[in-house]
Amino acid sequence: MKLGAMVMASGLVVSSMLGLGCSRNRQEAVILANQADKEVTLNPDGAATKYEQATKLDPTNHRIFYKLSMAYKKKEEWDKTASTLSRATQLAPKFANYWFERAYALEMQAKKKTISYDEAKEPYQKCIENDPNFADCYHQLGNVFLWTDDEQKALENYTKAVEHNPAEIRYYTALADLYIRLGYTKEAEQVLKEAKNFAKPGDKTLFGVHVLLSQVHQDRGSLPEMVTELEAAKAVAGNEGPESVQILFSLGSTYAQLTPPRTQEAVQMLKGFTTRACKGAKAASFKTECETAQTLVTRLGGN
């Protein structure tokens, strides 16, 4: 065999061996990632370690980087989540959900005041560019614009979130809440009534819809309609959770303002609120409400 042919042949063998090595690494990376998938729910630390090893074996597999970022997300390690998703978006820039999760991780860092909210804007916009129907991207981008004092852009994005997924009731409450704060109660009422039309029975997010509608009626001085919405909110809240505590005060204090007041119901609600909110660690969070509740109960002739 001629020297040139021998060199070429040996090169092919080395290349083939390298290919086999890379292929084996990719296979081992997938096996490790599959093992991590099975334990990520109960053991995110152990899963993250396996995903990390897998990304070293195959640094081209964007899906493994995404899985690693979700393990970090479970641990609320937002800086690691964001940096890992930065790699995922480099490898797969058309995956809108990667952009969304990166933006969300940056938003969580901004809430902790470690970075600026402005840093989350671009990845949310990239999410929308790659999937114009991704409603959550509009909603979260609206939140970011609100945090950066751009109410108009926040309204625009909240509206687009509703348009792209009208079945998601929390989008309506974000939009209506901002309308109310800006003084546009008519627009807020229209949005909230539309939310009622789309809501399914038992949807817990209807609590916010009813509470915001009660604020609309309060602004108009219509206490009976306000009571109707607060009673509906109480029915949605049930007997557990923070909403079930707050609604006792809201409804009780509104009963007390009626002409004539619904005294017995007002005292019952306010006493229930006092029992659940005005003792122990919770008391500091409800200081103003607790004082108001006690004043109203005394005025109504309760103990």
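View 1. Glu76 has a positive phi of about 60° although it is not a glycine, and its place is in the loop between helix H3 (62–74) and helix H4 (78–91), where helices are DSSP runs (H or I, at least four residues) numbered from the N terminus. This is a predicted model, in which local features need pLDDT of at least 70, side-chain atom pairs count only at pLDDT 80 or more, and totals for chains, interfaces and linings use all residues. Residues are numbered from 1 along each chain as its sequence is written, and side-chain values use heavy atoms, leaving out hydrogens and water.

**View 2. Lys113 in the loop between helix H5 and helix H6.** Lys113 lies between helix H5 (96–111) and helix H6 (118–130), and has a positive phi of about 65° although it is not a glycine. With 75% relative accessibility, Lys113 counts as exposed.

**View 3. The cis peptide bond from Thr259 to Pro260.** Most residues other than glycine have a negative phi, and most peptide bonds are trans. The bond from Thr259 to Pro260 is cis, with omega near -10°, and Pro260 is placed in the loop between helix H13 (242–257) and helix H14 (263–277).

How values were computed
Helix = DSSP H or I, 4+ residues; strand = E, 2+ residues; numbered from the N terminus. Buried < 20%, exposed > 50% of the residue type's maximum accessible area, 1.4 Å probe, protein only.
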